[in-house]
Amino acid sequence: MSKITFVFVGLSVILFCGCENLGPEEPMEFDLLDGPIDGLSISEQKRFLAGDIAFNDDVFTVENGLGPLFVGTSCVSCHSGDGKGHPFNQLIRFGNNDLDLSAMPTIGDGRNQIQNKAIPGFEPETLPYGVPFSILVAPAVTGLGLLDAVPDEEIVALADPMDEDGDGISGRPHYNLTPEFTKIRENSVPQGDNYIFRFGKKANSYDLLHQTVGAYNQDIGITSLFDPIDPFSGLEVDPEISTKTLNDVVFYLKTLKAPISRNQMDPDVIAGKEFFQSVQCAACHTPTLTTGYSPTKSLSFKEFHPYTDLLLHDMGPGLDDGFTEGNVETSEWRTPPLWGIGLSANSQGGQMFLLHDGRASSIEEAIEMHGGEANNSKARYLSLAPEEKSQLIKFINSL
Ligand SMILES: [Ca+2]
Ligand SMILES: [Ca+2]
Ligand SMILES: [Ca+2]
């Protein structure tokens with residue numbers, strides 16, 4: 001609809017004055033995050049579209065199950081344009097396994113997320129006094145199908161939990177127990193009954209189904225067959241979303257294309273890429289990963305460039321909120337992908353809000369807030385000449 005209007009306006013401009021550069025420019029494909037990966041079959045495109053509609057157009061109301069407690073009314077209300085969210089729509093989770101758990105207050109369903117909104121007649125939750133908590137700003141949801149299809153083996157190969165190579169970096173996978181509904185990946189590399197979790201800021205979701213089921217339940221208050229617990233009462237209720245829709249959304253997330261890199265021939269970008277390696281950003285922000293077999297042909301055996309190792313790293317006291325999740329320590333965070341980061345401001349209201357809680361307003365600030373295992377890398381970055389730093393930043397903006 002808006003495209004048709006645009007063409008019409010464009011035409012009339014040309015007719016009336018013969019000039020081409022008036023009117024808004026249509027955004028270039030590489031500036032946009034939505035759209036499917038190439039090579040989907042017709043039936044796959046249909047599933048993508050169904051998931052797209054559920055993710056972007058389904059706004060929940062009291063009539064179709066919203067809440068009674070919730071944080072947002074649709075997926076897109078936080079993941080706008082499939083990109084990073086604005087701190088306006090932050091999530092708050094609380095709790096700390098290092099402390100005496102019995103001392104942690106139980107509210108609502110007993111889970112660790114605050115639902116700060118409620119439908120009429122219900123009280124929104126508030127953060128209990130004195131508990132450690134983290135603010136989480138929504139990440140972009142692009143290219144996740146590629147990350148989902150990385151074999152465990154490859155993640156394990158990047159880990160160095162005891163820092164045996166002595167570079168100060170000791171990433172580890174997050175091993176945890178999967179929910180009952182999980183379909184375990186082929187060729188998984190578990191430790192006992194614990195499988196590698198890879199999605200979420202503390203890598204607290206096994207796969208995209210796990211993350212999506214949790215998002216419907218805890219973010220919107222929408223129950224499903226997989227997670228029928230009402231976030232207010234903690235009791236089981238009827239599913240408010242069909243398993244088909246849930247699976248369509250998972251398929252949408254799997255097949256949403258990865259951000260397209262830009263300005264790769266710019267000499268500054270080329271120079272910045274060298275610094276990214278030499279100051280060891282790449283030790284955690286792994287440039288290249290490869291998928292294993294996937295039933296979706298477009299995702300099978302693909303090399304791609306997300307700039308993450310999907311591992312947890314101790315990021316030091318500055319980024320330690322005192323909040324743990326799963327078996328993840330308070331100062332540990334999963335390396336976020338850097339692809340598409342240069343487009344963050346598009347979905348964050350014209351500014352950047354980086355790091356887990358959006359506390360960094362630029363890439364420079366985000367680097368300066370790195371600590372812990374990233375201390376050496378940060379020190380090397382800080383010792384670069386101003387021009388070298390700006391080349392490195394240009395490179396990151398181009399991803
Ligand atoms: Ca509900
Ligand atoms: Ca809650
Ligand atoms: Ca190491």
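**Figure 1. Packing of helix α6 in the predicted model.** Helix α6 comprises residues 243-255, and its 13 residues reach 18 Å from the first C-alpha to the last, close to the 18 Å expected at 1.5 Å a residue. Its buried positions are Leu246, Asp248, Val249, Val250, Phe251, Tyr252, Leu253, Lys254 and Thr255. Several of these belong to the largest nonpolar core, which has 79 residues: Val249, Val250, Tyr252 and Leu253, together with Ile396, touch the most other members. When neighbours within four places in sequence are set aside, Val250 is in contact with Leu208, Leu209 and Thr212.

**Figure 2. Helix α5 and its surroundings.** Helix α5 is mostly covered, with twelve of its 13 residues buried. The buried set consists of Leu208, Leu209, His210, Gln211, Thr212, Val213, Ala215, Tyr216, Asn217, Gln218, Asp219 and Ile220. These residues pack against the strands β1 (69-70) and β3 and against the helices α3 and α6. From its first C-alpha to its last, α5 reaches 17 Å, close to the 18 Å expected at 1.5 Å a residue. Gly221 follows the helix and has a positive phi, near 75°.

Figure 3. Apart from neighbours within four places in sequence, its contacts are Val213, Tyr216, Pro239, Ile241, Thr243 and Leu246. Of these, Val213 belongs to the buried residues of α5, and Leu246 to those of α6. Ser224 and Val213 are eleven residues apart in sequence, and their C-alpha atoms are 7.2 Å apart in space.

**Figure 4. The open sheet β3-β2-β5.** Three strands form an open sheet in the order β3-β2-β5, with antiparallel pairing. The edge strands, β3 (113-114) and β5 (133-136), each pair on one side only. Strand β2 (residues 91-94) is joined to β3 by two bridges and to β5 by four. Arg93 stands opposite Gln113 in β3 and opposite Ser134 in β5. In a regular strand, side chains alternate between the two faces of the sheet. In β5, Ser134 and Leu136 form the covered face, whereas Phe133 and Ile135 form the uncovered one.

Figure 5. The peptide bond from Gly67 to Pro68 is cis, with omega near 10°; Pro68 is placed in the loop between α2 and β1. Asp163 is not a glycine, yet has a positive phi of about 45°. Asp163 occupies the loop between α4 (152-158) and β6 (174-176) and is exposed, with 12 other C-beta atoms within 10 Å. Gln280, also a residue other than glycine, has a positive phi near 70°. The loop that holds Gln280 runs between α7 (267-278) and β8 (289-290). With 19 other C-beta atoms within 10 Å, Gln280 is partly exposed.

**Figure 6. Ser390 in helix α11, and the chain as a whole.** Ser390 is located in helix α11 (residues 386-397). Ser390 is partly exposed, as 15 other C-beta atoms lie within 10 Å. Between Ser390 and Val250 there are 38 Å in space, C-alpha to C-alpha, and the two are 140 residues apart in sequence. For orientation, the protein chain contains eleven helices and eleven strands. Its radius of gyration is 22 Å, close to the 21 Å that the globule rule gives for 399 residues, so the chain is as compact as a globular protein of that length. The C-alpha trace spans about 70 × 55 × 40 Å along its principal axes, and 41% of the 399 residues count as buried. The mean pLDDT of the chain is 91, and 90% of the residues score at least 70. Residues 1-23 have a pLDDT below 50, and this stretch has six contacts in the model beyond near neighbours in sequence.

Definitions and conventions
Residues are numbered from 1 along each chain as its sequence is written. Chains are lettered from A and ligands numbered from 1 in the order in which they are written. This is a predicted model: local features need pLDDT of at least 70, side-chain atom pairs count only at pLDDT 80 or more; totals for chains, interfaces and linings use all residues. The radius of gyration is taken over C-alpha atoms; the globule rule is 2.2 Å times the number of residues to the power 0.38. A residue is buried if 20 or more other C-beta atoms lie within 10 Å of its own, exposed if 12 or fewer, and partly exposed in between; C-beta atoms are placed from the backbone. Two strands pair if DSSP finds at least two bridges between them. pLDDT is the predictor's confidence in each residue, from 0 to 100. Two residues are in contact if their C-beta atoms, placed from the backbone, lie within 7 Å. A nonpolar core is a set of buried Ala, Val, Leu, Ile, Met, Phe, Trp, Tyr and Cys residues joined through C-beta atoms within 7 Å. The expected span of a helix is 1.5 Å times one less than its number of residues.
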